[in-house]
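Grab a pencil and work through these exercises with the structure open beside you. Try each task before you read its solution.

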Protein chains: 2
Amino acid sequence: MGDNVTDTPTRDRLITEARRLFATRGFRGASVRDITSAARANLGAITYHFGSKRALYDAVLESTLAELVMGVEDAAAQPGTSAERLRDICRTLFGFFREHPATPRLILHELAGRAGLPPAIVPFIRRNLAAVRGVVEQGQARGEFRTADPTLITFSLMSQVIWFAIIGREVVPVVDQATDPASFATRVEQHVADVVTRFLLLEGHPA
Amino acid sequence: MGDNVTDTPTRDRLITEARRLFATRGFRGASVRDITSAARANLGAITYHFGSKRALYDAVLESTLAELVMGVEDAAAQPGTSAERLRDICRTLFGFFREHPATPRLILHELAGRAGLPPAIVPFIRRNLAAVRGVVEQGQARGEFRTADPTLITFSLMSQVIWFAIIGREVVPVVDQATDPASFATRVEQHVADVVTRFLLLEGHPA
C-alpha cells in the first residue's frame with residue numbers, strides 16, 4: 001500500500017485522510033498539519049485544493065453522503081413491488097454504514113460540538129427524502145400502501161439505521177448476551193425493514 | 001435565583017452545573033475549574049463529593065437516566081390496554097427529551113470521542129428494556145400483540161426518540177418548511193407510537 005499512496009491524486013488523499021481523522025478526532029481535533037502529514041502533502045495543500053479546512057470537511061461529508069444517496073436512489077429505481085423497494089433501501093442503508101462505520105461519528109462530532117446541521121448535509125437529506133417519497137407515492141398509486149407522510153417514513157428509516165450504526169456494537173453485549181454482534185445486526189436490519197413496511201402495507205399485500 | 005443557588009447543597013449544584021457544561025463542552029472540554037466555579041464551590045469539591053471528575057460524569061448520567069427510566073417504568077405499570085402502555089412509554093420518552101434537550105449531547109460527546117458506552121448507562125438500558133419487555137409480553141399473553149422480540153421493539157422506540165432529540169430541530173426546516181417545529185414534533189411523536197404499536201397489534205385490536 002505504501003507505494004500506491006503517492007499514485008493517488010493529492011486531493012483524493014487529503015479527503016481520505018481527513019475523513020479518517022475528522023471521524024476519530026473531530027473537526028477541531030484534527031489539525032491541518034495532521035491531515036497534510038497523513039496524506040503526504042505539503043502544509044499548504046488544503047488551502048490550495050479546498051480553500052480552507054472547513055471546505056475540506058464539507059468535501060469529506062459530500063463525498064461520503066453522495067455515495068449513500070446514490071445507493072438509495074438506485075435501490076428506489078429498481079423493478080419490483082413498492083415493499084421490495086423499501087426493503088432494498090433499508091438494506092442499502094445498513095450496508096453503507098457497515099462499510100463506512102466512521103460516518104455517523106463524522107457528523108456526531110459536529111452535532112455534539114455546536115448547534116446546527118453542517119450545510120453540506122442538507123442537499124443529501126433532501127435527495128434521500130425525495131427517493132423515499134417516490135417509493136411511498138408509487139406504493140399508494142398502486143394500491144399497495146396506505147397514505148403516509150414520506151418525511152415521517154424517511155425519519156423512521158434513517159433514525160433506526162443511524163442509531164444502530166452509532167450504538168449497535170456497544171449495545172449488543174448489554175441487551176443480548178446470547179447472540180454474537182453479526183447475527184444481532186442481521187436481526188435489526190430485518191426488523192427495521194419489517195416495522196416500516198408493515199406500517200405502510202395495506203391488508204392483503206405480502207410483506 | 002442568585003441567592004437561592006447557595007441554599008442548594010454543593011453536591012447537587014455540582015451535578016447541575018456539570019450536566020450543563022459536559023453537555024455543551026464534552027467531558028474533556030469542561031474543566032474541574034469550570035464546574036466548581038459555576039457551582040460556586042471550591043476547587044477540591046469534586047474530589048470531596050465524588051472522588052474524581054469521571055465519577056462526577058457518571059453521577060450526572062445516573063441522575064438524568066434515573067429520571068427517564070422511572071418515567072418509563074411508571075408508564076408501563078399503569079392500567080389500560082398494552083397498546084396504550086406502549087403509547088404512554090413513547091409519550092414519556094419524547095417528553096423527557098423535550099424537558100432535557102442536552103441529554104443526548106451528554107452521551108454523544110462520549111460516544112463520539114471514544115469507543116464504548118459509559119458504564120453508568122448500562123443498568124438504565126437494562127431497566128428500560130425490562131419495562132418494554134413487560135408490556136410486550138403482557139400484550140402477547142392478552143392476545144393483543146403478536147410474538148415479537150422486546151429487544152428490537154425497545155430499539156425501535158429508543159432509536160427514533162433519541163435521533164429526533166439529537167437532530168429534530170435542525171432537520172425540520174430542511175425537510176418540512178411548511179410547518180413549525182412544535183407541530184412537527186407532535187407529528188413525529190404520534191408517528192413513532194403508531195409505527196411501533198401497529199407493528200405489534202394483531203388484527204381486530206384498536207391502535
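**Exercise 1. Work out in which hand α10(A) passes α9(B), and describe how the two helices pack.**

*Solution.* Start with the hand: α10(A) passes α9(B) in a right-handed crossing. Right-handed means that the near helix is turned clockwise from the far one by less than a right angle, and left-handed that it is turned anticlockwise. Bear in mind that this is a predicted model, in which local features need pLDDT of at least 70, side-chain atom pairs count only at pLDDT 80 or more, and totals for chains, interfaces and linings use all residues. Residues are numbered from 1 along each chain as its sequence is written, chains are lettered from A and ligands numbered from 1 in the order in which they are written, and side-chain values use heavy atoms, with hydrogens and water left out.

Next, the geometry. Two packed helices are described by the angle between their axes and the distance between the axes. Here, helix α10 (residues 181-200) of chain A and helix α9 (residues 150-175) of chain B make an angle of about 65 degrees, and their axes are 10 Å apart. The axes are lines fitted to C-alpha atoms over the stretch in contact, and angles run from 0 to 180 degrees between N-to-C directions.

Now find who touches whom (contact: heavy atoms within 4.5 Å). From α10(A) come Phe184(A), Arg187(A), Val188(A), His191(A), Val192(A) and Val195(A); they meet Thr151(B), Leu152(B), Ile153(B), Phe155(B) and Ser156(B) of α9(B). Sort these residues and you get seven nonpolar, three polar and one charged.

**Exercise 2. Is Ser183(A) buried, exposed or partly exposed?**

*Solution.* First, locate Ser183(A): it lies in helix α10 of chain A. Then recall the cut-offs: buried is under 20% relative accessible area, exposed over 50%, and partly exposed in between (1.4 Å probe, protein chains only). Ser183(A) has 28% relative accessibility, so it counts as partly exposed.

**Exercise 3. Which element of chain A has the lowest mean pLDDT?**

*Solution.* pLDDT is the predictor's confidence in each residue, from 0 to 100. Helix α1 (residues 2-5) of chain A comes lowest, at 46.

Key
Helices (H or I, at least four residues) and strands (E, at least two) are DSSP runs, numbered from the N terminus. Ala, Val, Leu, Ile, Met, Phe, Trp, Tyr, Cys and Pro count as nonpolar, Asp, Glu, Lys and Arg as charged, and the others, Gly among them, as polar.
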